[in-house]
Amino acid sequence: MSKVSYFTNANNVVAKNLTFNTYISEGEALQFLYNHSATGAMHDSDERFPPPMCHPETRQAVVARIIAWYGYLTAPQKRIMWVHAPAGYGKTAVAGTISKILEEQGGLDFCPLGATFFFWRTSAERNSPACFVVTIAYQLAMSIPELKPHIENAVKQNPMILRKALETQLVKLIVEPFKALGQHLEEMPNRLIIVDGLDECINSNQESRVEKQYAEDQEKVQVRVLDLIHTLQSHQFPLSFLVLSRPESWLKQHIEAYPFKNSVEVLDLYETGDHMNDVETYIRAELSRIARTINPTGDDQDLEWPGENVVQRFIARTQGHMLYASTVIGHIDVPYEDPRSRLDSILDYDSNPQFNIAHSTPFASLYQLYRQILQSCPINSLPLMVQVLEDLVGTALFPLSLAEALPVLDSLSGRSKGSGLRALRGLHALLHLRASESGRGWFVHSSFATFLSDPQSSLEFTASRTKGHRRILSGCLDAMSAVTQQSVDEDHHLFALVLWPVLWHSSYVWVQDQDQLLAQEEYLSMVRKLLECDLEACFLKTFIYQRNYAIFRVIAPQSLYSPGRMNCIVPPSSRETYDSDTLTQQAVLRILTSAENIFTFLISQASESTIDVDPAHIILDSTFVSHLASYLLELRRGDSDKGVNSWESNNVIQSLKTALWREKRRPFKQLIGRLETAWFRAPGLATVTHSMEEVVNHLLTGGADVCEPKD
């Protein structure tokens with residue numbers, strides 16, 4: 001990684017009445033839409049490769065039912081189908097199979113698949129509705145040629161539509177383009193839009209919330225997506241909607257109420273088709289495949305494996321649960337052990353009666369299987385394995401593959417190199433441990449993370465999310481203490497720079513400890529570590545590294561730049577005593593002044609440089625823009641709350657206004673445009689949008705004694 005360069009400071013100038021317009025030329029509109037889409041949410045995205053699909057000759061009744069409802073040319077009477085089932089019953093595989101069938105359907109002069117969106121809990125791009133409408137609109141423009149010019153025109157007329165509320169985006173990017181087709185709508189064949197994993201949409205992009213509020217937020221945001229779909233179908237366009245999710249009570253209640261009730265066909269995946277037959281088909285095919293890889297010793301037992309008795313016992317154990325079957329197959333299908341003995345150990349296992357999991361969870365058999373797999377690991381490595389699992393459940397949103405992340409987590413947790421991967425070696429059926437599985441999340445299924453976090457189910461294998469958060473946060477602060485402007489840093493330093501605010505926010509805002517005294521002592525220890533860091537160097541390298549290593553991009557909480565007791569490093573339990581807590585006050589002030597100094601430094605250097613010099617590129621990077629937008633919004637909010645105006649005395653504001661009137665100001669024109677759109681991914685936050693407009697308007701207004709600059 002490169003060392004930091006130094007540049008000459010800029011001079012102060014005052015600006016006035018300057019305006020910039022965002023313009024999208026012919027041919028750029030779709031690219032603009034694509035750039036702001038959640039491309040990983042599309043059915044054929046590289047992020048989802050290989051996509052989950054139904055095993056051949058399984059789920060045939062379900063697939064046939066959905067295809068018959070869709071109807072191809074003519075829209076069904078009820079234009080929305082809701083397919084629901086508990087976790088692990090193959091909803092995403094069904095959605096993927098339907099997508100593939102429609103995309104490859106021959107004999108038609110149109111593509112039946114209109115658009116897809118696969119929500120995913122651990123993907124920052126796919127666990128929020130922020131890009132939902134934009135992504136659907138882009139795919140409709142590609143799949144319906146007649147619609148394309150009208151969507152392009154909507155974007156060209158108002159590029160700022162991407163920062164409007166989702167409901168407004170729906171009207172401008174989809175409803176009005178369809179209406180522009182006029183009488184051609186009657187001749188247009190029906191297209192299917194597939195929305196999978198609605199229950200995985202959990203992020204409303206709101207910043208400060210306790211756990212109960214967070215649960216309420218996810219209910220609201222999922223219902224909001226449903227309402228968007230219902231609004232679109234109400235226009236009677238040639239569109240049908242396949243929605244798949246778990247049967248959450250709030251979704252069920254909303255769908256069964258007016259006006260949804262008359263528009264939705266409900267399909268219970270659990271009650272449709274022959275699950276035992278599907279599981280049997282899968283098990284026989286997979287065991288036959290594995291049997292072909294075994295080197296027979298020559299005796300009849302090897303040649304006849306698995307045998308009908310083993311197959312039937314395996315089928316009975318699954319109770320028709322495909323996830324159970326696939327997890328067992330993953331567990332026994334390893335190159336370093338005999339699959340026959342590993343399967344026998346599963347089938348011969350009798351759970352200890354004292355572990356009465358069956359009465360505490362609908363996943364009794366699956367959770368029992370998880371325990372069996374964990375118990376098959378060497379007992380002497382149990383403490384280390386649990387520690388590593390705690391790190392995983394505490395940092396599962398980090399955008400690296402598990403194989404890439406484990407060495408970083410080892411460094412931050414103080415483990416020897418490679419020990420994390422060795423501790424998890426026996427869990428490849430439950431975790432994506434191979435480097436080739438990058439982009440697929442860390443857990444094969446989210447139920448394993450849920451199991452680990454529930455002490456009543458996982459017992460001695462319980463992985464405390466809080467312990468994982470705080471151990472990694474402590475390691476991040478230790479790593480940051482070694483960061484200087486001249487230091488040569490490694491991946492774990494970069495991880496620390498990017499994630500420490502998010503981990504701090506998660507560790508101390510969402511979690512309330514029973515032992516408040518112990519928690520307070522640990523918290524103050526973290527504050528002291530933070531004060532030992534060179535935060536100016538840390539902020540500077542955060543912006544430099546995140547531009548060069550895009551995979552590490554994680555947006556810090558906006559409250560990182562909040563002054564006083566509302567800063568993200570201040571836990572709710574300490575806010576009442578903040579005025580007397582000089583140590584925490586010092587830490588908050590250090591964060592704000594360090595960030596302000598680096599914002600000012602980079603803006604000043606970029607104003608003195610050509611567009612090809614690093615600072616000009618850094619200030620246009622999405623990470624710098626989002627941090628600067630958060631800082632400016634918090635500054636604006638603080639002024640409003642206190643009834644004061646600190647704009648004119650703020651160094652960052654003055655540096656920006658000065659830079660806008662320098663002769664080499666081209667990057668700052670782009671920066672202003674990006675600040676304007678920095679918060680479009682926060683749907684429904686009208687106050688934030690309005691405040692950002694005020695910020696931008698102020699930056700474009702200055703003193704009267706400045707001449708108009710040259711372009």
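Start by selecting helix α2 together with β1 (80–84), α3 (91–103), β3 (191–196), β4 (239–245) and β5 (264–268): the buried residues of α2 pack against these elements. You are looking at a predicted model, so colour it by pLDDT when you have a moment; the mean is 80, and 79% of residues reach 70 or more.

Stay with α2, residues 60–70, and show the side chains of V62, V63, I66, I67, W69 and Y70, which are buried. They cover an arc of only 160° around the axis, which puts them on the same side of α2. Now turn to the face pointing away from that buried side, where you will find the exposed residues Q60 and A68.

Next, select α11, residues 307–318. With twelve residues at 1.5 Å each, this helix should span 16 Å, and its end C-alpha atoms are 17 Å apart, which agrees. Show V310, V311, F314, I315 and T318, the buried residues of α11. Their arc is only 130° around the axis, which places them on the same side of α11. The face turned away carries exposed N309 and A316. After α11 comes Q319, with a positive phi near 55°.

Select residues 1–21, where pLDDT stays under 50 and the model has 65 contacts beyond four places in sequence. Then select residues 680–687, also under 50, with 17 such contacts. Where pLDDT is low, predicted coordinates should not be read in detail.

Methods
Residues numbered from 1 in each chain as written. Heavy atoms only, no water. Helix = DSSP H or I, 4+ residues; strand = E, 2+ residues; numbered from the N terminus. Expected span 1.5 Å × (residues − 1). Buried < 20%, exposed > 50% of the residue type's maximum accessible area, 1.4 Å probe, protein only. Arc of directions from axis to C-beta. pLDDT = per-residue confidence, 0-100. Contact = heavy atoms within 4.5 Å.
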